[in-house]
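Student: Could you walk me through the aromatic rings in this protein?
Tutor: Gladly, let us look at it together.

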Amino acid sequence: MITFIVCFALLVTAYFTYGRYLEKLADVDPERATPVQRLEDGVDYIRLPRWRVFLIQLLNIAGTGPIFGAILGACFGPVAFLWITLGGIFFGAMHDYLSGMMIIRHDGKSLPEIIGAYLGANTRTVVRIFSIVLMVLVGAVFLLSPAQLLDTMVPSISAQVWIWIILAYYIIATMLPVDKVIGKVYPIFGVALVAMAAGLLVVILSGAYEVPELTTLHNYQLNPEALPIVPTLFITIACGAISGFHATQSPLMARCIENEKKCRSVFYGSMISESIIALIWAAIAMAFFHGPTGLGEQLAQHGNNAAWAVDIISNTTLGKVGAFLALLGVVVAPISTGDTAFRGARLMIADIFNIDQRPLLKRFAVCIPLFIVGYGITLFNFDIIWRYFAWSNQTLSVFVLWSIYVWLARRKKNIWVALIPAIAMTFIVTSFVFVSPQFIGMEDRMIAFACAAVVTLGIGYLVNRRVKGDVIMTEEAV
């Protein structure tokens with residue numbers, strides 16, 4: 001319990017301390033015009049109050065990520081607390097806030113355009129393709145998973161029918177102005193997500209279950225050789241620690257913020273909130289099943305289905321209210337994330353080809369191919385889709401971190417806040433490629449780590465050359 005309380009306190013304190021320090025690094029100016037003040041269009045650039053923007057951002061970046069990922073990550077043991085806390089403060093929240101500020105300064109443009117401004121035209125092209133593929137993967141993952149859950153809850157309606165129902169909703173919500181569905185309904189779901197976590201926090205603090213303490217970095221996985229802490233834990237717990245997907249969602253809300261002073265609560269605050277949610281779920285998962293080993297054994301008996309764990313934990317600890325909130329958490333939250341993923345892909349394509357998104361017909365023309373591809377992906381094995389989604393998610397964060405590093409370096413600010421996370425995450429995603437059987441699958445782990453280190457150094461060298469290069473799109477140009 002002590003470890004949990006300390007980690008919880010550190011996350012809350014970080015918002016008022018490290019978050020404020022990053023605010024100074026970004027040179028926040030409440031008098032500087034934000035994108036919505038210059039480009040309000042009634043579709044994507046629409047003024048929304050801070051509380052609404054915060055809840056939408058939280059729901060957009062969270063989905064089931066900080067729940068499912070935290071539960072699966074808890075199988076590694078209390079070391080998961082360490083990654084969620086330090087990762088959330090120094091990696092994820094920094095990543096979300098500074099990338100959000102970069103997006104604000106560039107008229108709320110899509111992530112690939114921002115990365116291209118600091119890492120070059122070739123990187124921009126790669127990230128454009130990579131990001132759109134990731135968005136469609138996210139849309140497909142959060143199209144299939146809630147459909148499968150609804151199929152178990154309502155057996156009279158098949159998963160295929162649920163897929164078509166959810167897809168129809170995606171088409172409508174993605175093309176409507178941001179204030180029609182997302183702006184009105186999603187804050188309610190965001191409150192439900194927070195309420196479920198708050199209820200579990202009360203359960204934890206009541207002492208009804210014993211939360212394991214962090215006394216060792218031991219790996220409690222049932223097969224630790226196949227699932228080493230480095231790099232697997234850092235891929236398993238993405239949302240809740242750091243996630244590249246978050247930066248793809250930030251342009252949606254960056255186009256609705258009226259004042260730069262509100263950005264810390266929206267970007268840094270939503271990520272800290274997500275880390276707290278992940279911390280709570282990791283703690284209750286280990287405590288409920290009497291430790292990480294018990295959790296791993298129970299998950300193994302139920303096909304490593306984190307949704308099953310959410311259901312039994314919520315119903316047992318929170319009763320009927322918990323069952324209702326669990327339904328919102330494991331069904332509605334991923335649907336909302338899938339919706340905004342497709343919306344993000346639409347905005348990326350519109351930015352690439354300079355397509356005016358005010359006419360409904362043009363929005364329709366961009367969206368339909370995305371939905372066709374997304375539906376096609378759902379026909380593949382879900383485990384395969386999720387595996388590549390998780391790695392792609394963390395890989396995208398590497399591009400964002402290096403972009404933040406260049407942005408800070410060119411503005412002669414403290415580069416270390418971005419450089420250390422950039423090096424660490426580059427090593428993590430490249431080492432995962434070398435050790436994972438889904439990619440190269442080297443048997444000698446030390447050689448795999450050495451190869452990852454060489455690749456990391458090479459990428460760092462190439463990025464550092466960009467620091468002295470020409471800016472493709474400066475803040476002054478917008």
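Predicted model: local features only at pLDDT ≥ 70, side-chain atom pairs only at ≥ 80, totals over all residues.

Tutor: Residues are numbered from 1 along each chain as its sequence is written, and side-chain values use heavy atoms, with hydrogens and water left out.

Student: How many aromatic pairs does a search of the whole structure find?
Tutor: Rings of Phe, Tyr and Trp (its six-membered ring) pair if their centres lie within 6.5 Å. Searching the whole structure on that basis gives 19 aromatic pairs.

Student: Are the planes of phenylalanine 288 and phenylalanine 289 stacked or edge-to-face?
Tutor: Planes under 30 degrees apart count as stacked, over 60 as edge-to-face and the rest as tilted. The two ring centres are 4.9 Å apart and the planes stand at 80 degrees, so the pair of phenylalanine 288 and phenylalanine 289 is edge-to-face.

Student: Is phenylalanine 449 buried or exposed?
Tutor: Buried means under 20% relative accessible area, exposed over 50%, and partly exposed in between (1.4 Å probe, protein chains only). Phenylalanine 449 has 18% relative accessibility, so this residue counts as buried.

Student: Which ring does the charged end of arginine 411 sit over?
Tutor: A charge sits over a ring if NZ of Lys or CZ of Arg is within 6 Å of the ring centre and within 35 degrees of the ring normal. For arginine 411 the distance to the centre is 4.3 Å, and the ring belongs to tryptophan 407.

Student: Which residues do ring pairs link into a cluster?
Tutor: Here the ring pairs join up into a group. Its members are Tyr169, Tyr170, Phe342 and Phe371.
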